[in-house]
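The sequence and structure come before the details.

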Amino acid sequence: MSVATLEVRNLQTHFFTRAGVVKAVDGVSFTVGRGKVLGLVGESGSGKTVTGFSIIGLVDEPGRVVGGEILFHGQNLARLSEEEMRQLRGNRIAMIFQDPMMTLNPVLRIDTQMIETVLAHTKVSHEEARQRCRDTLGMVGIPSPEERLKSYPHQFSGGMRQRVAIAIALLHRPELIIADEPTTALDVTIQGQILAEVQKLAINTGTSLIWITHDLSVVAGLADDIAVMYAGRVVEDGPVSEVLDKPLHPYTHGLIGSVPSRNKRGEPLRQIPGMTPSLLKLPPGCAFRSRCDRATAECAAPIELMELTLGRHARCIHPHMEAVAA
Amino acid sequence: MSATMQQSQGTAHVPERPIIELIGITKRFEKKLDFIGKLAQKLGAPIREEIVHAVDNVNLSIRKGEVVGLVGESGCGKSTLGRVVAGIMPPSDGEVLWRGRNIASLHGAEAKEAKLRAQMIFQDPYASLNPRMKVQDIVGEAPLVHGMTTRGGFDTYVDEQLRRAGLDPTLKKRYPHQFSGGQRQRIGIARALAVQPEFLVCDESVAALDVSIQAQILNLFMKLRADLDLTYLFISHDLGVVEHLSDRVVIMYLGRVVEQAPSEEIFARANHPYTVSLLSSVPRIEARKRAFATVKGEIPSPLNPPPGCHFHPRCPHAFDRCKVEVPALKEIAPGHLSACHLNG
């Protein structure tokens, strides 16, 4: 963990809307080591996608990164100019989106799009670029890549399209890939195939991954570390097996309890009451306290992410410590 | 709750008139040739009408009070089958029997009655509610038309429906866009229950919801089942949800039922190679840093399905017979049916 690929410190991304300031990301910190997979988990509106977009510099107006540092090999990405960022993006940091059609241009053939990506960052001949595209397509498990290069995006199935998007992200052997719910829209057997490919790639190429998802089961099998987000903040982080087996924060605890396979068949699921609060005018203190069964008056005061046991942090003053002690 | 489950499990093999029975249901979607197409065909162009067999000769019976989980990947025909069962879509071939009587043969008041008995809850809570109607009209319109309530009793009736689905009745004058996803799904549930059905078809009803909200809605489904003695056909691609909720699971692949068995049986002793690979593909929260098992290939196009067993091009155990002969759905253990040549 000494040379971290990415270190995010107290990241703050706010959206300045007409209705007020939405603090979509409000003080997020985490570290991703070389070749490690970080699972960034949260429900809709928790700020996990905006965190990903902030790292790669794709936050649109009225949003802005207003504070914190994004250290990529020690270099603060938040301070880079648009041109410097463009040099990094797609080259050393890549992103995979939920919908592959966000990556792919529907009116261009796959070869046009892929070769363009190669030539944008490296000086190679057209033929060499083509060769590299072919190899990368083969690497992500697309059969007969030579012929498939000549196809248009609509001629691929959903799973194949996502593979093409992954191949494009891999073209420059990036040191960091940010994957935003890339398998959510896919069928389980196809999801299994993609996860297997990604796992293989992370091991073989030493690429670090940030895997953004709402599905705890996906990160359980894939990630090394996990950071759970709620209302724009990381509420808990730590090694995957520790967090999932012995969750400290009541929100993580409730989230894991809501997963059907964790419950006895036919019994009511352990549910979290209420719903996610609006990020507009979020009161100070713990954002989860209105839904939490452990909340007390002290929870209304601001709470920092604290190291509770070795390597594990939670933003809570009433954590489930009994799980760790046991 | 668990007592009623036990009961329904106990009576699982007692022959009893099912509430709904499907006999040889087939649903085809045909794309007719237009004028130019017909002309081109006459001139010898290799064009023909395209036919999709969305559902292919499915037999299924559902007993009163049972929860049947219907599982399959996109394009397997599970939603189409759900629509046929709910009476929204007529089958191309085959019969739907409602308490032993063919729905197609019913007329007038009886046909209306049968239609009301089966209701559907849809996947997308954003698309399945009319954005220009107030919640009270979305929920109350159908019962008013069908005489289940009167103008005078309308408010009390709607309040009761909303409260049962876990919504605050004071919100009934609002429009759908003023609600969150989970609340909208509750409106959909209140609408379906307002006409006092006995049978609910839930088509991916929790797929669009966050995990914590999904748990709330699943609990509501289970509570309603106990309170109102409902029967469910629960369509989902999420095996975790289906395992938790269902008494019996039916697995579909490319329009055909490949396996059906009681819940515990199918998760403990899956027989069909497709079911086995489906179960091993599901990410589990208990799993840690594991190699993801994969099935090779993708679902073939339903326009041109492979001959014989539809699964043979992806099946690790396929042999010659699988390529020519369609395997019949046979009972391999009590209540456990599987369509695979490996069973002899």
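## Cysteines

Over all chains, the count of disulfides (pairs of cysteine sulfur atoms within 2.5 Å) is zero. The model is predicted: local features need pLDDT of at least 70, side-chain atom pairs count only at pLDDT 80 or more, and totals for chains, interfaces and linings use all residues. Residues are numbered from 1 along each chain as its sequence is written, chains are lettered from A and ligands numbered from 1 in the order in which they are written, and side-chain values use heavy atoms, without hydrogens and water.

The closest cysteine sulfur to that of Cys322(B) belongs to Cys309(B), at 6.0 Å, which is too far for a bond. Cys322(B) has a relative accessible area of 8%, so this residue is buried (under 20%; exposed is over 50% and partly exposed in between, with a 1.4 Å probe and protein chains only). Cys133(A) is also buried, because its relative accessibility is 0%.

## A loop residue

Gln123(B) sits in the loop between β6 (118–121) and α5 (135–145) of chain B. Helices (H or I, at least four residues) and strands (E, at least two) are DSSP runs, numbered from the N terminus. With 38% relative accessibility, Gln123(B) is partly exposed.

Leaving aside neighbours within four places in sequence, the contacts (heavy atoms within 4.5 Å) of Gln123(B) include Gln185(B), Asp203(B) and Ala208(B). Between Gln123(B) and Glu331(B) there are 208 residues in sequence and 32 Å in space, C-alpha to C-alpha.

## Another loop

Leu43(B) is in the loop between α2 (35–42) and β2 (50–62) of chain B. Its relative accessibility is 72%, so Leu43(B) counts as exposed.
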